[in-house]
Amino acid sequence: MSAFNFNATPIDARSYTQTDNLYNGFDRGSSLFLLTSLIAAAIYLSSKVFYRRPLTDDKGNTIPDGPTGLPVLGSFPFLTDYPELTLDYWAKKFGSLYSIWLGNQLFVIVSDPQIVKDLMVTNGAIFSSRKEMYLKSQIIFAGRGITATPYNDKWQVRLLAGRGNHTYILGRRTHRRLATTWLNKPAVESYTAVLDYEATVLVHDLYYHSNGGKLPINPQPHAGRCSLNNMLTITFGMRTDTIEHPLVAEALSLSRAFMNCTGPVSNMIDFVPILQKLPFNLPLKTRAQKLHADLVKTYGGMINEIDERMKRGEQVPDCLVKTLLLAQEEEGLDHLDMAILCSAFMIGGVETTASIMQWFSALIPAYPEIQAKAHEELDRVVGRNRLPTIDDEKNLPFIHAIIKEVERCHNPFWLGTPHVNSQDFTYRGQFIPKDTVVVLNTYTMHHDPQRHPDPHTFNPDRFINDSTLSSESANLANPMERDHWMFGVGRRICPGMWVAEREVFLAIARMLWAFKMDEIPGEPIDLKEYDGLSGRSPVPFRIQITPRHDQVEAVLGL
Ligand code: HEM
């Protein structure tokens with residue numbers, strides 16, 4: 001297969017930790033707390049039914065202990081700002097398996113690698129479903145999203161709300177199988193040249209837009225376009241040729257809107273059914289409906305164009321859409337299925353890898369000594385007459401370690417994409433009723449001082465002897481040895497991890513090869529705040545980049 005033809009409070013950038021924000025989180029949540037409490041009281045009085053499942057198994061084992069929440073709202077008011085810090089605080093108080101309630105939904109929070117493995121890998125047949133979150137699954141993805149749909153191997157029959165007719169909706173396995181044909185290791189091998197090219201364009205653009213390092217630059221939009229072009233090529237067989245191309249702004253804003261609308265613990269409407277049935281729309285619901293319409297218009301429209309070109313007999317590059325259109329009849333795909341699967345690629349594959357490149361660019365200026373060590377390794381292994389390639393990765397252990405450490409410190413998804421258990425399960429005397437939402441608490445695991453001594457220090461050397469790719473590390477028998485949990489776990493682990501790792505390596509290795517990256521005096525970089533409820537990116541920042549040597553221009557073809 002070939003794909004060709006807010007304002008934040010600055011802190012010391014060397015300390016990436018957000019721990020001191022925990023209490024800010026409570027303070028800033030207090031007005032919201034009051035408001036939500038009033039709404040809750042109203043809902044409670046007007047709702048006759050507040051349903052909860054049996055909380056004990058037949059042997060009398062009860063659900064894991066946890067914080068006492070408020071009536072109706074449960075722990076929601078404590079999770080409005082920096083939820084990962086609150087969950088970390090409770091993990092220290094209640095242990096590695098504890099429960100919380102949000103509305104009528106029970107959650108268990110898992111903060112220990114062995115428990116994660118026991119539940120989500122060893123018992124993966126039970127712990128691999130998803131909750132059909134109201135905003136994300138039902139409204140934005142209209143029940144078709146690969147990330148959002150339950151774990152089943154049958155086609156599901158659903159009554160489409162408002163239309164009154166039955167329709168067949170694809171089971172998620174069909175979506176995952178189709179997605180995997182474009183994301184598995186052999187597929188990624190076939191389009192590594194695309195990732196290679198876009199990483200060069202990224203470095204070229206940083207050089208050009210900073211006027212050869214003379215002007216400060218915000219690398220974020222350039223990282224965004226790099227990831228976007230990779231996903232556009234894989235999904236639609238096209239790319240954007242400049243950062244001004246209208247699709248850049250459109251696609252990046254769709255991804256950002258999604259990240260800001262879909263935190264796993266951020267939307268009360270997901271957990272209080274009566275809020276879903278109000279006679280008027282809450283603003284979040286209106287935003288979700290608009291996002292659904294915009295995704296279908298943008299990506300569905302691009303599918304239509306490719307369809308028409310194919311029907312006219314034009315040559316269309318190999319890409320996911322071509323695969324879907326050719327398989328459409330056999331797989332029983334309708335237009336919405338295809339539009340949503342492509343949207344999942346464009347959301348899942350853009351703000352994620354771009355976020356790692358952005359956190360790297362925000363973090364590294366504070367560490368000149370780490371950059372010097374990386375530059376020495378690049379000069380020794382690659383030299384100055386060519387760019388590092390994917391084949392160099394195994395010989396660049398320090399660059400590899402920097403990337404793992406950025407991912408440990410700045411996982412874009414601290415709470416992952418939660419799983420759900422499809423059967424009652426009792427684990428070490430604690431009962432987890434069917435349909436509990438199971439959250440992988442990666443913030444706590446990434447900051448476990450036993451696994452990562454001095455966890456709040458950015459120290460790539462902790463991974464210097466770990467030559468595994470993260471996609472390989474995810475399969476290690478001993479979960480305590482796994483590098484990090486950024487890609488999730490078990491049967492729902494990110495299928496895009498092969499492409500993501502290659503893309504991120506090429507981008508970061510080349511940025512380091514070409515530039516020394518520094519803070520701008522008087523413009524500290526804020527690593528504490530972030531943008532996004534599900535996927536986190538740094539708030540806007542600027543850095544100074546200086547070409548490292550005379551060969552940079554020549555090698556970039558400038
Ligand atoms: C740094 C980059 C990325 C990160 C951190 C990331 C993270 C994740 C996480 C945490 C999950 C949920 C795993 C679980 O349930 O345990 C996931 C699922 C998913 N990711 Fe990624 N991802 C990245 C890149 C990509 C890319 C490049 C694609 C390409 C399209 C992609 C597509 C998907 C899809 C389709 C799913 C849903 C799988 C399912 O529910 O069965 N991701 N990702």
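The model is a prediction, in which local features need pLDDT of at least 70 and side-chain atom pairs count only at pLDDT 80 or more, while totals for chains, interfaces and linings use all residues. Residues are numbered from 1 along each chain as its sequence is written.

**Overall make-up**

The protein has 20 helices and 10 strands. These elements are DSSP runs numbered from the N terminus, with helices (H or I) of at least four residues and strands (E) of at least two. Of the 558 residues, 47% count as buried. A residue is buried if 20 or more other C-beta atoms lie within 10 Å of its own, exposed if 12 or fewer do, and partly exposed in between, with C-beta atoms placed from the backbone.

The largest nonpolar core has 144 residues. Such a core is a set of buried Ala, Val, Leu, Ile, Met, Phe, Trp, Tyr and Cys residues joined through C-beta atoms within 7 Å. Within the largest core, Cys342 and Ile508 have the most contacts. Helix α19 (497-514) gives the most to this core, with 14 residues. Leaving aside neighbours within four places in sequence, Cys342 is in contact with Thr235, Tyr299, Ile303, Leu320 and Val321. Contact here requires the C-beta atoms of two residues, placed from the backbone, to lie within 7 Å.

**The ligand shell**

There are 28 residues around the ligand, and Gly348, Gly349, Gly488, Cys494 and Gly496 come nearest. A residue is near a molecule or strand if its C-beta atom, placed from the backbone, lies within 6 Å of it. The elements that give two or more residues to this shell are α5 (172-183), α13 (335-348), α14 (351-363) and α19. By type, the shell divides into 16 nonpolar, 10 polar and two charged residues. In this division Ala, Val, Leu, Ile, Met, Phe, Trp, Tyr, Cys and Pro are nonpolar, Asp, Glu, Lys and Arg are charged, and the others, Gly among them, are polar.

Cys494 is found in the loop between α18 (470-473) and α19. An unreviewed UniProt entry places the feature "binding site" at Cys494. UniProt positions follow the numbering used here, feature names are shortened, and annotations may be inferred rather than shown by experiment. Cys494 counts as buried because it has 23 C-beta neighbours inside 10 Å. Not counting residues up to four places away in sequence, Cys494 touches Phe487 and Gly488.

The buried residues of α11 are Ala288, Leu291, His292, Leu295, Tyr299, Met302, Ile303 and Ile306. An α-helix has 3.6 residues a turn, so residues three or four places apart point the same way. The buried residues of α11 pack against α4 (134-140), α8 (220-236), α9 (246-259), α12 (320-331) and α13. Just after α11, Gly313 takes a positive phi of about 80°.

The buried residues of α7 include Val194, Leu195, Glu198, Ala199 and Asp205. The buried residues of this helix pack against α8, α19 and β10 (544-547).

**Individual residues**

Most residues other than glycine have a negative phi. Asn211 is exposed because 9 other C-beta atoms lie within 10 Å. Tyr82, in the loop between α1 (21-46) and α2 (83-94), has a positive phi of about 45° although it is not a glycine. With 23 C-beta neighbours inside 10 Å, Tyr82 counts as buried.

Asn441 is found in the loop between β8 (437-440) and α17 (442-446). This residue has 25 C-beta neighbours inside 10 Å and therefore counts as buried. Not counting residues up to four places away in sequence, Asn441 touches Leu87, Ala91, Ile109, Val110 and Ser111.

Thr122 belongs to helix α3 (residues 113-122) and counts as exposed, with 12 C-beta neighbours inside 10 Å. Thr122 and Gln551 are 429 residues apart along the chain, and their C-alpha atoms are separated by 52 Å.
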